[in-house]
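Me: I would like to learn how to read a few features of a protein model. Please give the general idea each time, then the case at hand.

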Amino acid sequence: VGGSMMLGVALGAPLGGWLGQSSTLLPLLTGGALAFAAALLAVASVADDHEHDERPGMREIANALRAHPRLGIPLAFAFADRFTVGFFTTTFSLYLRRIHSLAPAEIGVSIAVFMIPFALLSYPFGRLAERVSIPLLLCGGSVIYGLGTAAVGFVGPEYLNGLMFFIGISAAIMFVPSMVMTTQIAPDEIRATALGAFNAAGSLGFIVGPLAGGAISQAVAAQSGWAIGYQAAFIVAGISEMLCVAIALPFLLRGGSTTQP
């Protein structure tokens, strides 16, 4: 599931860049049509196999969440991870256009070089998370990802795709283990709700990331120029990921090594 989510972004980036060369509205119209087709397919093919099951109420869910405060750790990583991805989907595109004068199709390729290994390696690293320490994968991958993200503004276009590929691999290392950790910590009766909270935290990060990237780059650019403004934005994105590790690591170590039963 995690790999499919990222693969959609990976394929949509170059496709949007290619379609955008002929019309700026065409990517939006195409995306809307695909979403509508997916909705129709879901209505026609997805059945609710648990419609008669007894489900916990909101009070029971809230009590269960309060009883498992360690769920806040993977939710924090979900927010931080997609907070930084928000920089790549917007600020990164503006950076490549303004500083390196790349065409929309070239920008789409650079995003795809990041997202495709992220998507394709999510499942293998998810399986690996069943056998080794999840905190090790989560924190190690996040530190590497944070360092790579902070370096984006300092790398020229000739080396940028190589760096993006490296960042994509490190993103796969950390992304699925945080999702697996959510399913392990949450009790059975609220597991679906916990995964919903995981995706909600990630979506919130996706909203805040572009806002933060735009605000930081513009504020710094007003004083020091756009190149330094974009460098500052990606430094902040990288530090945010490593800061999440620094805050969460003591709680992860206190809880022991988490592995799949």
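The dialogue below takes up salt bridges, a helix contact and a cavity.

Reply: This is a predicted model, in which local features need pLDDT of at least 70 and side-chain atom pairs count only at pLDDT 80 or more, while totals for chains, interfaces and linings use all residues. Residues are numbered from 1 along each chain as its sequence is written, and side-chain values use heavy atoms, with hydrogens and water left out.

Me: How many salt bridges are there by the rule?

Reply: Side chains of opposite charge can pair when their charged atoms come close. The rule asks for a side-chain nitrogen of Lys or Arg within 4 Å of a carboxyl oxygen of Asp or Glu. Here the count is three salt bridges. Arg127 pairs with Glu130 at 3.2 Å, N to O, and Glu130 also pairs with Arg131 at 3.9 Å. Another bridge joins Asp188 and Arg191 at 2.9 Å.

Me: At what angle do helix 4 and helix 9 cross?

Reply: Helices (H or I, at least four residues) are DSSP runs numbered from the N terminus. Axes are lines fitted to C-alpha atoms, for helices over the stretch in contact, and angles run from 0 to 180 degrees between N-to-C directions. The axes of helix 4 (residues 72–100) and helix 9 (residues 191–224) cross at roughly 40 degrees and come within 6 Å.

Me: What lines the largest cavity?

Reply: On a 1 Å grid over the protein atoms alone, a cavity is a set of points where a 1.4 Å probe fits but cannot get out, and lining residues have an atom within 4 Å of a point. Grid points are joined across faces, edges and corners, and the volume is the space filled by probe spheres set on the points. The structure holds one cavity of 30 Å³ or more, and the largest has a volume of about 60 Å³. Its lining includes Met6, Asp81, Arg82 and Phe175. Helix 4 and helix 8 (157–185) each give two or more residues to that lining.

Methods:
On a 1 Å grid over the protein atoms alone, a cavity is a set of points where a 1.4 Å probe fits but cannot get out, and a pocket is an open set with protein on both sides within 12 Å along at least five of seven lines; lining residues have an atom within 4 Å of a point.
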